[in-house]
Amino acid sequence: MKTLHVFWKDLLILSKDRGTYINLFVLPLMFSVVLTIALGGVFGGGKSDSPVAIPVAASGVQAEAVAKAITSIPGITWRTANPDDARAAVDQGKSIGAVLVAEDGKGIDFYEDPSQLTNAQLLYGQISAALEANRAASQAARLGQVAKASGNPQTEAQGASILTEPSLRLTTSQSGTRDTSAQPTAAEQYIPGFTVAFLFFIASTIAQYLFMERERGTLRRLLISPVSRSSILVGKLLPTVLIGFVQVVVIFAVGRLAFGMALGNPAALILVTCAAVAAANGFGLMITSLSKTQAQATGLATLLVFTLATVAGCYVPLSFMPGFMQSIALATPQGWAMQAYQSIIMKGADSLEVLPSVAVLIAFSLVFFGIGLVRFRFEER
Amino acid sequence: MTTAQEAMAGCAASESAAALELSGIVKSFDHVRAVDGTSWTVQQGDFVGLLGPNGAGKTTLISIIAGLVKGDSGQARVLGIDIAEEPNRVKGVLGVVPQDLAIYPELGARENLQFFGAMYGLRGQELKDRVADALRRVGLEDRAARPAVGKFSGGQKRRLNIAAALLHRPQVLILDEPTVGIDPQSRNYIFDTLRELNSEGMTIVYVTHYMQEVEALCRTVAIVDHGRIIEEGSLDGVLARHGTSLVRLTLHAEEQRRALALLEKHPGVTYRVTDDGVLQLSTRVLQDAVDLVTTILKDIAPNPETCQILPPSLETVFIGLTGNQLRDV
């Protein structure tokens with residue numbers, strides 16, 4: 001009962017703080033709405049069917065010539081492989097495309113991962129240009145050889161055959177195992193992205209209110225009264241837990257109503273939100289307990305929240321990031337929350353399918369709360 | 001059983017016990033001994049002033065009594081209840097007014113008191129009655145409905161700070177510097193409130209370094225310095241035992257050397273040079289002090305940096321006992 005009184009008192013104080021509304025509701029709504037409108041189809045998610053291909057593997061009799069052309073493009077990692085391995089790499093999402101050179105050397109197929117669009121489109125043009133440049137250079141070299149051998153009766157015929165030689169034919173094909181819906185629309189990226197980012201921004205509010213209670217001396221006064229420390233702490237965290245749920249409801253509702261974003265399975269959504277809110281509150285308590293002053297806690301929370309949200313793919317789809325960055329995202333609670341929310345709203349995942357993400361988020365919560373409870377000091381010495 | 005009921009049960013069981021009983025309390029922080037073997041007894045119904053400079057150990061002592069800090073050794077009891085063994089029973093009979101304004105400026109006076117009352121297990125009509133009574137005692141009934149106490153005057157906030165400690169009707173009330181930075185009207189209101197509470201049987205421990213307040217309010221006094229109670233007793237008794245007149249002179253080095261040489265020729269005079277370089281003379285008779293300073297001014301130092309002649313008071317008792325003035329005065 002005393003816990004509820006602490007909760008109600010803090011809720012009253014929070015409700016009178018305009019900064020809370022701005023930081024936790026206005027900012028994420030503003031960012032998610034503006035960026036969704038501004039960057040509409042930039043991620044290529046949804047129904048886009050633009051052809052793409054990014055070569056990373058090559059095989060066939062002209063593999064050497066093709067590889068030479070590809071290596072002239074900076075920033076591409078490539079290797080040779082047999083056609084089956086090359087296709088498998090794309091099917092499994094390990095490569096975003098493969099270049100398959102036909103055994104007769106007359107055709108090149110770009111076997112693509114359709115879930116990777118924008119990067120592929122940029123490189124597609126470069127690859128085509130590189131192949132064309134490579135062909136032109138080869139023709140020039142061979143014509144030079146013909147010129148040296150002038151007088152030979154066969155020279156004219158050889159020169160004519162070089163100039164009329166057809167260029168390599170570029171075709172594209174797509175992996176059947178890769179889902180085009182794996183790429184989010186702007187709403188599917190920014191609505192959950194800013195929800196998750198600002199869900200964890202509650203850490204700053206938690207630190208602010210815990211330090212304020214301590215610095216005012218009211219925490220000391222509470223400790224003098226017959227109320228347990230756990231009641232005080234739980235009562236003080238309950239308002240921010242409630243705020244977390246309201247944040248998700250408000251921002252997702254705007255996503256649904258303004259941008260037609262699918263909400264997916266409600267039970268799965270609630271499950272992930274519970275776990276994410278718990279992790280965010282644990283994170284807030286941990287940051288508070290590791291800081292000596294409110295300013296330090298707020299600074300640390302802001303730094304970590306925005307850094308981790310960026311790494312976790314809250315602002316830019318993970319598929320746009322290098323492989324090692326995608327691995328780092330899984331070391332953050334925001335990354336797991338993001339992955340779970342996107343699988344619900346983009347792929348219609350149910351409660352069972354998000355359980356692994358929920359379990360990881362709960363594990364993060366336990367670690368954060370554990371550190372927070374051990375380190376938190378009710379009184380300054 | 002609610003906390004308030006537990007508290008009442010606790011009182012009934014301890015009517016004959018001392019209000020406060022400390023025995024050999026020791027507490028150190030990082031090898032610094034904040035409380036150094038303090039033993040102290042306060043009788044029920046007493047109004048006692050606890051005097052001491054900052055850093056003397058007052059706050060640590062209060063924290064131990066309030067159950068916020070555990071002593072390294074020793075025993076503390078409130079109305080016969082051991083603080084270490086039954087902290088919640090002690091909290092039910094003890095009220096503490098912290099030096100900080102430990103109230104929520106965003107909330108109204110009534111909202112603040114209802115919240116703190118709820119922390120003592122008070123509910124419903126009883127809570128409303130206690131809040132109304134506490135507001136009446138500190139003269140804030142007309143402010144009860146105001147939306148936020150952040151806009152109250154300093155004195156009104158101080159009074160609300162006291163009211164928040166009265167809601168559970170404690171038997172023992174400890175006030176830590178309750179009049180810091182307030183106007184005379186609020187100070188007088190607080191004094192009247194405390195006298196009224198004491199006349200109703202509440203034991204009051206008034207912690208301060210304003211000696212005039214102790215002289216105006218308290219019947220007994222305890223002086224604490226360096227973590228120890230160095231003197232205690234009735235106000236009159238302490239003044240009779242240690243009440244000396246003091247002369248405090250700040251002289252240039254050469255003048256001080258000559259003054260000390262002169263004083264060596266007067267074996268009946270007690271004198272010392274304090275930590276802050278002040279030559280301090282103490283005599284039982286004020287006239288002797290005046291004669292001495294006249295001699296020094298006439299023969300040695302006609303223009304001293306400072307010259308004070310203090311008649312017997314708590315301040316001279318404190319200076320006489322510790323060699324220093326209260327450091328924040």
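The following paragraphs describe secondary structure, packing and selected residues of a predicted model. Residues are numbered from 1 along each chain as its sequence is written, and chains are lettered from A and ligands numbered from 1 in the order in which they are written. In this predicted model, local features need pLDDT of at least 70 and side-chain atom pairs count only at pLDDT 80 or more, while totals for chains, interfaces and linings use all residues; side-chain values use heavy atoms, with hydrogens and water left out.

Chain A contains 15 helices and five strands, where helices (H or I, at least four residues) and strands (E, at least two) are DSSP runs numbered from the N terminus. Of the 381 residues in chain A, 47% are buried; buried means under 20% relative accessible area, exposed over 50%, and partly exposed in between (1.4 Å probe, protein chains only). Among contacts in chain A with a separation of 6 or more, 78% are between residues 24 or more positions apart, a contact being heavy atoms within 4.5 Å.

In chain B, four strands form an open antiparallel sheet in the order β12-β13-β11-β14; two strands are paired if DSSP finds at least two bridges between them. The edge strands, each pairing on one side only, are β12 (270-273) and β14 (306-310) of chain B. From one strand to the next, the twist averages 10°. Strand β12(B) is joined by four bridges to the antiparallel strand β13 (residues 279-283) of chain B, with Arg272(B) opposite Gln280(B) in β13(B). Helix α10 (residues 253-263) of chain B packs on the sheet through β12 and β13 of chain B, and its direction makes about 25° with that of β13(B). Helix α11 (residues 286-299) of chain B also packs on the sheet, touching β11 (245-250), β13 and β14 of chain B, at about 20° to the direction of β11(B). For these angles, axes are lines fitted to C-alpha atoms, for helices over the stretch in contact, and angles run from 0 to 180 degrees between N-to-C directions.

All six of the six residues of β9(B) are buried. In a regular strand the side chains alternate between the two faces of the sheet. Thr220(B), Ala222(B) and Val224(B) point one way from β9(B), and Val221(B), Ile223(B) and Asp225(B) point the other way. Strand β3 (residues 47-51) of chain B pairs with β9(B) in the parallel sense over four bridges, and Val48(B) stands opposite Thr220(B). Six bridges join β9(B) to β10(B) in the antiparallel sense, with Ile223(B) opposite Glu231(B). These two strands, β9(B) and β10(B), form a hairpin with two residues between them. His31(B) lies in the loop between β1 (20-29) and β2 (32-42) of chain B and is exposed, with a relative accessible area of 84%.

Helix α5 (residues 124-137) of chain B has 14 residues and spans 20 Å from its first C-alpha to its last, close to the 20 Å expected at 1.5 Å a residue; the expected span is 1.5 Å times one less than the number of residues. Its buried residues include Leu127(B), Val131(B), Ala134(B) and Leu135(B). The buried residues of α5(B) pack against α4 (109-119), α6 (154-163) and α7 (184-199) of chain B. Arg130(B), also in α5(B), is buried with a relative accessible area of 10%. Not counting residues up to four places away in sequence, Arg130(B) touches Leu122(B), Leu167(B), His168(B) and Arg169(B). Just after α5(B), Gly139(B) takes a positive phi of about 70°.

A nonpolar core is a set of buried Ala, Val, Leu, Ile, Met, Phe, Trp, Tyr and Cys residues joined through side-chain atoms within 4.5 Å. The largest has 156 residues, of which Trp40(B), Val78(B), Leu113(B), Leu173(B) and Leu194(B) touch the most other members. Helix α11 (residues 266-290) of chain A supplies the largest share of this core, 12 residues. Another core, of 15 residues, lies apart from it and includes Val247(B), Val269(B), Ile300(B) and Ala301(B).

Zero disulfides (pairs of cysteine sulfur atoms within 2.5 Å) are found over all chains. The sulfur of Cys314(A) is 19 Å from the closest cysteine sulfur, in Cys274(A), too far for a bond. Cys314(A) is buried at a relative accessible area of 0%, whereas Cys307(B) is partly exposed at 37%.
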